[in-house]
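Have the model open and follow along.

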Amino acid sequence: MSAVFLKLLNMSISAVWIILAVAVFRLLAKRAPKWISCLLWALAGARLMLPFTIKSALSLVPSGETIPEDIMMSPHPAIASGIPAVDSSINPVIAESFTPGVGDSANPLQVWVPILAAVWILGMAAMLLYALASYLRLRKAVAASVLLRDNIMVCDDIHSPFILGVVCPKIYLPSGFDEAARENVLRHEKAHILRKDNWWKPLGWLILAVHWFNPLCWLGYRLFCRDIELACDEKVIRGMDRESVADYSQALLSCAAERRLISACPLAFGEIGVKERIRDMFRYKKPTRAVIALSLMACLALAVFLMTDPVAAEGPKETLSEASQSDFDLLMDHDPMVIAVLEQNMPKDAGMSLSYVVDRYIAVSADGKMVGFKGDGAEVPVWLQELFAVEEDDEAIDIVVVPGTADPSPAQNLTVDVSKIDLSGTGWVWPVDSTEISSGFGTRYGAVHNGVDIVQSKGEPIYATSAGTVKSAGWQSGRGYTVEIEHGSSDNSIVTRYCHMDKISVEEGASVESGAVIGTVGSTGNSTGPHLHFELLLNGENVDPIEYLQFQEQLKSSN
């Protein structure tokens, strides 16, 4: 149900633009036939209800999916409205409120979205029950009606004429109408039936019941109800002389009903916008063919521009040099994990192909290794910079071997067999039951890799490498679930950091012994597969953990 609610929420947001456009059209196109407005409201209704849309390069809708379908599972939830100012205002609030916290067993949105989905269902049920109650109340009120002729009924207990019924609609008139007023009212109500308004208004209410949480849908429904009355008036007075229009207006005034809450039924003769309707009747001029043609063109334009979703624009068409054209193939042959990372993390709306990204932005050495970005990197997309660069305390993505993918490049700066390091008697232990290193300490892809990546299966235990105090335990941007343990004194600070964990078993401030289980291996944060990213900081500076542990082994030997 949560997935359905998120899908519906995106549909509702996308439809906002055509609702606003129709509202503006009504204000500007005063001379357009009123049935044109009803046609436009039909387009808006279709936009609200159709679960699929056509993608078009001509679409003016900023985003077809403002709320990502996987937002509940995302460690960094954010919207993509297509409007930078909106995203920059809302996303920090979302991040602050819904980013997973320390020890959370689930993403906060995994809790909130089902709750909101339940509220949506309750609201929809309330709307439908209200419509049913209104219908039953009216049925009770007209139970003693007397048949006048055909489908026309007369009732003493009503004060304004209306149509009730969808499949077999009946016209209900208050008793006491004079013949002239009655005929004018019947012209109007019969026009409603000919136009099938007894179908369209309940359908509009049903759409409103589904999208009740969207305030612009309430505005749209109100304007839609007014427009079907205006269109019906226009149909009736077409061909009337001024005196007949005055009689019709007088009948409308005599039947003017007190404005009520917005409703699904009935179609009442004098219920909506009486002053506006009378004013428009006396100003009415039969629209010319040119006006009708322009109005239909406006409908077509709104359908093309606002009934479609945007497609990702193609990347620039510049012809790249023969040397750069081979970069993708070089990288694919010699460092395929970079391609895998790009494929996994490139935004859906990036607007360019994977090969284009490599050929245009990524610098590849002659031996097929990524060495950074081309040029000064100023034109490199932000998402690509964040993916392969370390900024402040953020972690670049960790690339590890995952089932079904090619092996990554050999670990940089790794000149020792880790499995032969003997730490017994040093007070230090290796952090996991694996010595397979996928990436070592040092420069990687144009950025500094501040630790070592140790390949291990998800759920396997992670050990504190030495006795100490848990400095922090929780979610960190880029690093995922992370534990930091402080060892030693303030004069000789040593901190070990364990990143991309699946679960954390310790709390901040807890004392741990060497070899104590502090959590399990995972792949949270910027990671392509289960592993442990292990760092060691000496007086605040990152050092190679392997070299430091070798030093501990040498100290033991010298003693």
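Which residues form a nonpolar patch on the surface? Leu 128, Val 166, Val 167, Trp 199, Trp 200, Leu 203 and Leu 206 do, and together they have about 650 Å² of accessible area.

A word on the ground rules before going on. This is a predicted model, where local features need pLDDT of at least 70 and side-chain atom pairs count only at pLDDT 80 or more, while totals for chains, interfaces and linings use all residues. Residues are numbered from 1 along each chain as its sequence is written, and side-chain values use heavy atoms, with hydrogens and water left out.

**The patch**

Nonpolar side chains (Val, Leu, Ile, Met, Phe, Trp, Tyr) are joined within 5 Å, and like charges within 9 Å. Areas come from the Shrake-Rupley method with a 1.4 Å probe, and for residues only the protein chains shown count as cover.

Helix α6 (residues 197–210) gives the patch its largest share, four residues. Helices here are DSSP runs of H or I with at least four residues, strands are E runs of at least two, and both are numbered from the N terminus. Val 166 sits in the loop between β4 (162–164) and β5 (170–174), and Val 167 lies in the loop between β4 and β5 too. Val 167 and Trp 199 are 32 residues apart in sequence, yet their C-alpha atoms are 8.1 Å apart in space.

Buried means under 20% relative accessible area, exposed means over 50%, and partly exposed is in between (1.4 Å probe, protein chains only). Here's how some residues come out:

| Residue | Relative accessible area | Class |
|---|---|---|
| Val 166 | 31% | partly exposed |
| Val 167 | 66% | exposed |
| Cys 168 | 61% | exposed |
| Cys 299 | 6% | buried |
| Asp 150 | 67% | exposed |
| Asn 539 | 44% | partly exposed |

On the cysteines, a search of the whole structure turns up zero disulfides (pairs of cysteine sulfur atoms within 2.5 Å).

**Inside the chain**

In soluble globular proteins, nonpolar side chains tend to be buried together. A nonpolar core here is a set of buried Ala, Val, Leu, Ile, Met, Phe, Trp, Tyr and Cys residues joined through side-chain atoms within 4.5 Å. The largest one has 51 residues, and Ile 18, Ile 19, Leu 40 and Trp 41 touch the most other members. Several helices supply at least two residues each, including α1 (2–28), α2 (34–49) and α4 (108–141). The largest share, 13 residues, is from α1.

What does Ile 19 touch, leaving out residues up to four places away in sequence? Its contacts (heavy atoms within 4.5 Å) are Trp 41, Ala 44, Leu 48, Leu 216, Cys 217 and Gly 220. A second, separate core has 30 residues, among them Val 470, Trp 475, Phe 534 and Ile 546.

**Two loop residues with positive phi**

Most residues other than glycine have a negative phi. Asp 150, in the loop between β2 (146–149) and β3 (152–155), has a positive phi near 50°. Asn 539 has a positive phi near 50° as well, and lies in the loop between β20 (531–538) and β21 (541–543).

**The whole chain**

The chain has 16 helices and 21 strands, and 49% of its 559 residues count as buried.

Technical notes:
Patches are made of residues with over 30% relative accessible area and no salt bridge: like charges are joined within 9 Å, nonpolar side chains (Val, Leu, Ile, Met, Phe, Trp, Tyr) within 5 Å. A salt bridge is a side-chain nitrogen of Lys or Arg within 4 Å of a carboxyl oxygen of Asp or Glu.
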